[in-house]
Amino acid sequence: MFILVIVPAYILWVLPSAQEFLSKLFSANDTRTLFSLLIIFYSMFSILAIMLLTTGMHLIQAARKTHRSGHFPAPGMRVVRDTWQVSGGRATLMTYMLTTAGILFILGGSSVPFYFHSLLLQMLLPVG
């Protein structure tokens with residue numbers, strides 16, 4: 001997170017040439033600049049949607065494994081460090097929580113294209 005947010009902001013703050021480039025980029029009204037910005041937005045929103053959908057599918061897959069085995073983490077599931085195994089009602093609760101989180105991630109990832117489409121329409125409509 002630090003690398004993706006703080007470092008570019010610091011570079012823009014320190015380098016006057018980057019500030020001038022961005023001001024020229026956003027002040028120009030030609031088609032080429034607009035197309036470049038649309039490509040950047042399209043790439044960012046596509047990556048966001050893919051990450052959300054993939055995370056949701058992985059969470060549902062983990063919930064399915066947990067439900068089948070009756071233990072969390074399920075046998076064969078990769079963990080970061082040694083983890084206590086939970087079974088019974090708590091494992092069932094973990095299954096429901098993982099499934100709910102997965103569904104929310106999938107819904108969020110599938111709503112990104114609709115948001116992006118409305119954003120594009122607002123950018124492309126003439127002002128006034």
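## A guided tour of the chain

Begin with the whole chain of this predicted model: of its 128 residues, 19% are buried, where buried means under 20% relative accessible area, exposed means over 50%, and partly exposed lies in between, with a 1.4 Å probe and protein chains only. Residues are numbered from 1 along each chain as its sequence is written. Because the model is predicted, local features need pLDDT of at least 70 and side-chain atom pairs count only at pLDDT 80 or more, while totals for chains, interfaces and linings use all residues; side-chain values use heavy atoms, with hydrogens and water left out.

Colour the chain by secondary structure next, and four helices and two strands can be picked out, in the order α-α-α-β-β-α from the N terminus on. Helices (H or I, at least four residues) and strands (E, at least two) are DSSP runs, numbered from the N terminus.

Now select residues 31-69, which form helix 3. Helix 3 has 39 residues and reaches 57 Å from its first C-alpha to its last, close to the 57 Å expected at 1.5 Å a residue, the expected span being 1.5 Å times one less than the number of residues. Among the buried residues of helix 3 are Thr33, Leu37, Gly56 and Thr66. Move on to glycine 70, which follows helix 3 and has a positive phi, near 80 degrees.

Then show the side chains of Leu38, Phe45, Ala49, Val112, Phe116, Leu119 and Leu120, the seven residues of the largest nonpolar core. A nonpolar core is a set of buried Ala, Val, Leu, Ile, Met, Phe, Trp, Tyr and Cys residues joined through side-chain atoms within 4.5 Å. Helix 3 and helix 4 (89-124) each supply at least two residues of this core, and helix 4 gives the most, with four residues. Apart from this core lies another, of five residues, among them Leu59, Ala62, Ala63 and Leu98.

Return to valine 112 and display what surrounds its side chain: not counting residues up to four places away in sequence, valine 112 touches Phe45, Leu48, Ala49 and Leu52, a contact being heavy atoms within 4.5 Å. Across the chain, residues 24 or more positions apart account for 60% of the contacts with a separation of 6 or more.

As a last stop, select threonine 92, which is placed in helix 4. Threonine 92 counts as partly exposed because its relative accessibility is 32%.
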